[in-house]
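Q: Please take a close look at one part of this model, the sheet. I would like one connected account.

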Amino acid sequence: MYLSYYNLNKKPFQISTDPKFLWIGEKHKEALAILSYGILDNKGFLFLTGDVGTGKTTIINALINNLDDDVIAAHVPDPGLEDFDFFNFIANVFSIDKKFSTKGEFLNHLRKFLNDAYSKNKKVLLIIDEAQRLKSELLEEIRLLSNIERQDTKLLNIFFVGQKEFNNILIEPENRALRQRITINYHIEPLTENETKEYIKHRLNIAGSKRNIFSSSAIGEIFSLSKGFPRLINIICDLALLTGYVKEQKTINELTLIKECAKELQIPTEKAVPQKSQIAESDSNQEVAPIESQIAESESNQEVKRGGLKPAVKVLGCFFLLVSFLILTWWYIKYPAEFKIKLSNINKYMTQIIDTINNSKSEQLLQSSSTTINSKPVVQKYSINQIDSEQNKQVQISEEQDELLEDKNISNENLSDNNGDHLDKSGIVLRQIPDKNIIIYFKYKTAELSDDALIKLDEVAEIMAQNPDTDIIIKGYTDSSGFYDYNKEFSLFRADIVKSFLAGKGINPTKIKTIGMGPENPIDTNETAKGRRNNRRVEIEFLNKTG
């Protein structure tokens with residue numbers, strides 16, 4: 001698309017991991033050195049954390065590629081498994097050719113495997129990715145695997161990789177035994193502005209660029225929007241190159257162009273409002289004290305306004321309460337049946353009053369919500385050429401409102417109702433390859449996967465895992481609004497998002513081909529918001545349908 005325009009021989013900012021574009025900054029070098037030392041010295045448990053998109057996968061791949069032949073490494077990309085599924089998965093990646101139905105049988109074979117590796121002077125490394133998804137029960141089972149050891153050395157190194165939420169799991173009381181065994185813990189931080197510049201320059205050079213396509217000010221804006229997260233840097237730069245190509249800009253130096261890309265990708269362009277937890281962490285003494293003083297001052301002012309209650313009024317009020325209590329007590333003792341009936345009637349009456357108030361509030365809330373929706377300002381649709389006509393602007397805003405309202409009707413039906421699915425003897429659902437293409441719908445101007453889409457893609461991953469000879473083609477589509485070249489590129493981006501998700505589930509990426517179709521082959525009219533919603537999709541086609 002834009003490769004020849006910028007004299008590039010390949011796309012420099014793909015989201016999929018390509019070892020040719022590997023960039024190792026100081027943070028990555030430090031992490032690799034520490035983790036490599038931990039493996040070579042048989043430290044047992046190692047732990048790498050980092051926010052989403054900071055380059056944890058890059059470090060894992062670099063670590064595996066740098067390991068010597070005397071290290072046997074196995075990678076678990078998704079630990080969200082039941083205990084026996086996890087044990088059998090480990091056995092498979094360690095080439096233990098047996099399926100286990102009991103824990104004791106698995107441990108015996110694993111012990112034999114680890115001792116055989118030790119006798120051959122080989123170290124064994126188990127890398128568990130997405131560790132924040134581990135359940136406490138499975139985490140304890142993993143800890144017990146480390147008990148397979150010799151008197152003088154560990155036989156199994158276990159390397160946890162996850163987001164910082166994994167720290168919250170480790171501090172739970174039931175996980176204190178594991179927490180005490182972690183010998184190396186490294187947290188990878190986002191890139192600095194200077195590292196962001198070097199990162200962008202490196203990827204462009206690998207792609208064949210001989211000049212600086214992004215100006216310093218543009219790189220500064222990219223850093224500000226991405227907060228130094230490499231994955232966001234890739235996404236913003238890729239869209240910026242496409243937009244620059246459409247606008248015929250050989251050098252990306254307009255800050256407005258970068259901000260347009262961020263808006264297109266729905267990345268906030270303003271500073272986020274600090275959360276309460278952030279305020280407390282940054283300067284709790286300075287923030288909490290004024291609030292407390294305001295509360296005290298408010299209460300003091302209210303007491304002054306009230307002027308205090310006079311003692312005589314207090315005594316009179318207590319007297320009336322006491323008399324009322326005595327009368328009710330006498331009534332209950334003298335006429336218990338009548339008292340209960342009256343009390344029941346009062347309860348029903350109060351319930352009716354409360355229901356009436358709640359219904360009234362609900363109606364007001366609905367009216368308020370309706371007013372808010374109708375009066376809410378809508379972000380203008382992305383366009384290369386500015387529309388000068390006020391009438392066209394109004395039509396554009398109306399169309400976008402239709403799109404946003406229609407997005408509420410998106411439904412990605414699951415594959416669970418496939419009549420060909422059945423259970424095997426062990427109770428595992430055997431997925432049949434569907435005869436029709438699987439469709440994933442996307443909301444207006446986003447490549448975000450909905451919760452329904454994630455469930456459907458989980459089932460697609462199960463189908464491919466159970467049918468390893470199956471290949472798929474993922475075709476991305478858009479509606480017909482906007483520019484053709486941009487739609488073509490954005491549809492491929494959506495297809496790549498789906499591919500990345502499936503690859504993260506352990507599916508071999510070589511089994512997946514992605515194509516950006518743009519507005520071609522519409523399945524509905526592009527004249528209505530509903531039709532355009534149906535055309536914004538990704539279709540997954542299974543090539544081997546004999547499984």
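In what order do the five strands of the open sheet stand, and is the pairing parallel or antiparallel?

A: This is a predicted model, so local features need pLDDT of at least 70, side-chain atom pairs count only at pLDDT 80 or more, and totals for chains, interfaces and linings use all residues. Residues are numbered from 1 along each chain as its sequence is written, and side-chain values use heavy atoms, with hydrogens and water left out.

The five strands form an open sheet in the order β2-β3-β4-β1-β5, and the pairing is parallel. Strands are DSSP runs of E of at least two residues, helices runs of H or I of at least four, numbered from the N terminus. Two strands pair if DSSP finds at least two bridges between them. β2 and β5 (182-188) are the edge strands; each has a single partner, so one side of each lacks a neighbour in the sheet. From one strand to the next, the twist averages 15° (axes are lines fitted to C-alpha atoms; angles run from 0 to 180 degrees between N-to-C directions).

Now β3 (residues 123-128). β3 pairs with β2 (residues 71-76) over six bridges, in the parallel sense. Leu126 of β3 stands opposite Ala74. With β4 (residues 157-162), β3 pairs over four bridges, again parallel. There, Ile128 has Phe160 as bridge partner, and Leu126 has Ile158. Helix α5 (residues 136-145) carries the chain from β3 to β4 in a right-handed β-α-β crossover: with the strands pointing away from the viewer, the path from the first strand over the helix to the second runs clockwise.
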